[in-house]
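Visitor: I'm new here and would like a tour of this one. Could you show it to me?

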Amino acid sequence: MGRCGVTSSKTVLVFLNLIFWAAAGILCYVGAYVFITFDDYDHFFEDVYTLIPAVVIIAAGALLFIIGLIGCCATVRESHCGLTAFVVILLLVFLTEVAVVVLGYVYRAKVEDDVNDSIQEVYNEYNGTNGNAQSRAIDYLQRQLECCGIHNYSDWQNTPWFKVSKNNRVPVSCCKANIGAVCTGSLAHPEDLYQEGCEALVVKKLKEIMMYVICIALTFAAIQILGMLSACVVLCRSRTDPAYQLLITGGTYA
């Protein structure tokens, strides 16, 4: 019965190590996705520490790849030292992912305040030229999220760009995509403009990304608990009953 439990645990471990390799790639992809997405909106939040969860989750992904390698070798070779190292590193990654979850919740709560503090300043620096980083960021934002202004399109009337241009128009990036070249951004035709403000949509987008990171971290943390339990079973049984059946080589009991 004990030997059967060891063999089952070894089977689970080999399977989990394959999952860990896949998980490593997924975690690195998620971290990179967060970096790329936040780079698109970096003008609208000032706290660079918001990216800490992404850095941590990429580091966790790299560690998981190493864990998968150690775990497979240790399980096949039935190495006590290898399995011990596997459990220790897996525990570190588990704690790292718990930190990702905590940081994700902390920075998810701070996103709204951070965006509120910076978005008005970015809109005030808009000048409508491609050479201006704020202008490019706002035009990209309004087209991608299909929004206009901070709370709605009328916010443009309070910006320096609108007052200087004196043409009663908002940027053409406010124009609905299905209108096409017909729309010039004129406030005389508000039906041609996106009605929703950008602030709420930016906050929603960033919070969704944070929640995505949290869910991924929680999922893999749960898998790692199973991995640690299986490794512990193999370790404990191998000490008291070293003559158990090899999983891969198909050896027989003594």
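Visitor: Numbering the bonded cysteines of the protein chain in sequence order, what is the pairing?

Guide: First, a heads-up: this is a predicted model, where local features need pLDDT of at least 70, side-chain atom pairs count only at pLDDT 80 or more, and totals for chains, interfaces and linings use all residues. Residues are numbered from 1 along each chain as its sequence is written, and side-chain values use heavy atoms, with hydrogens and water left out. A disulfide here is a pair of cysteine sulfur atoms within 2.5 Å, and the count comes to three disulfides. Numbered in sequence order, the bonded cysteines pair as 1-6, 2-3, 4-5.

Visitor: Which parts of the chain does the disulfide of Cys-147 and Cys-198 link?

Guide: The two sulfurs of Cys-147 and Cys-198 sit 2.0 Å apart. The torsion about their S-S bond is about 95 degrees, so this disulfide is right-handed. Helices, by the way, are DSSP runs (H or I, at least four residues), numbered from the N terminus. Cys-147 and Cys-198 are 51 residues apart, and the parts linked are the loop between H4 and H5 and helix H6.

Visitor: Is Cys-148 buried or exposed?

Guide: Cys-148 is joined to Cys-174 by a disulfide, sulfur to sulfur 2.1 Å. Buried means under 20% relative accessible area, exposed over 50%, and partly exposed in between (1.4 Å probe, protein chains only). Cys-148 has a relative accessible area of 0%, so the word for it is buried.

Visitor: Is the link of Cys-175 and Cys-183 right-handed or left-handed?

Guide: Cys-175 and Cys-183 have their sulfur atoms 2.0 Å apart. Go by the turn about the S-S bond: with -70 degrees there, the link of Cys-175 and Cys-183 is left-handed.

Visitor: Now the rings. How many aromatic pairs does the count come to?

Guide: Rings of Phe, Tyr and Trp (its six-membered ring) pair if their centres lie within 6.5 Å; planes under 30 degrees apart count as stacked, over 60 as edge-to-face and the rest as tilted. By that rule, the count of aromatic pairs is seven.

Visitor: How many residues apart in sequence are the parts that Tyr-33 and Tyr-212 tie together?

Guide: Tyr-33 and Tyr-212 make an edge-to-face pair, 6.2 Å centre to centre with 85 degrees between the planes. Tyr-33 lies in helix H1 (residues 2-40) and Tyr-212 in helix H6 (residues 198-240), so the separation of the parts they tie together is 179 residues.

Visitor: Which residues form one aromatic cluster?

Guide: Tyr-126 and Trp-156 pair edge-to-face, 4.9 Å centre to centre and 70 degrees between the planes. Both belong to the one aromatic cluster formed by Tyr-123, Tyr-126, Trp-156 and Trp-161.

Key
Helix = DSSP H or I, 4+ residues; strand = E, 2+ residues; numbered from the N terminus.
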